[in-house]
Amino acid sequence: MLMPALTFALVALLTISGLVALAVITDTLMQARVAYRRLMAEGEALRAGLAAQAAATELRMRPARPAAAMVTPLRRPARLVMAPLPARAAA
């Protein structure tokens, strides 16, 4: 009595998971086809001599490096040291 119910549950579970997998594969194929057509159109435009302009959302600025990391020991600016003045010259 338990066997037919268990068999029906397994068949239903496998059928549902198969349908979900088929839907996911179909959606992925449709998205891939659209992306492929877009790439081919951009390739044709590049071969024609037109440059594609990136969308503003795709442009990113590089993160600013701290000032301490930009100065290396070899490029450290020379410090200006004032020569000591005699007491009579300071007055």
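Student: Which residues form a nonpolar patch on the surface, and what is their accessible area together?

Tutor: In this predicted model, local features need pLDDT of at least 70, side-chain atom pairs count only at pLDDT 80 or more, and totals for chains, interfaces and linings use all residues. Residues are numbered from 1 along each chain as its sequence is written, and side-chain values use heavy atoms, without hydrogens and water. A patch takes residues with over 30% relative accessible area and no salt bridge, nonpolar side chains (Val, Leu, Ile, Met, Phe, Trp, Tyr) being joined within 5 Å. Here M3, L6, L10 and L13 form one, with about 430 Å².

Student: Is M3 buried or exposed?

Tutor: M3 lies in helix α1, residues 2-47. Buried means under 20% relative accessible area and exposed over 50%, with partly exposed in between (1.4 Å probe, protein chains only). At a relative accessible area of 58%, M3 is exposed.

Student: Which element has the lowest mean pLDDT?

Tutor: pLDDT is the predictor's confidence in each residue, from 0 to 100. The protein chain averages 79, and α1 has the highest mean among its elements, 94. Where pLDDT is low, the predicted coordinates should not be read in detail. The lowest mean, 55, belongs to helix α2 (residues 67-70).

Definitions and conventions: Patches are made of residues with over 30% relative accessible area and no salt bridge: like charges are joined within 9 Å, nonpolar side chains (Val, Leu, Ile, Met, Phe, Trp, Tyr) within 5 Å. Accessible areas come from the Shrake-Rupley method with a 1.4 Å probe; for residues, only the protein chains shown count as cover. A salt bridge is a side-chain nitrogen of Lys or Arg within 4 Å of a carboxyl oxygen of Asp or Glu. Helices (H or I, at least four residues) and strands (E, at least two) are DSSP runs, numbered from the N terminus.
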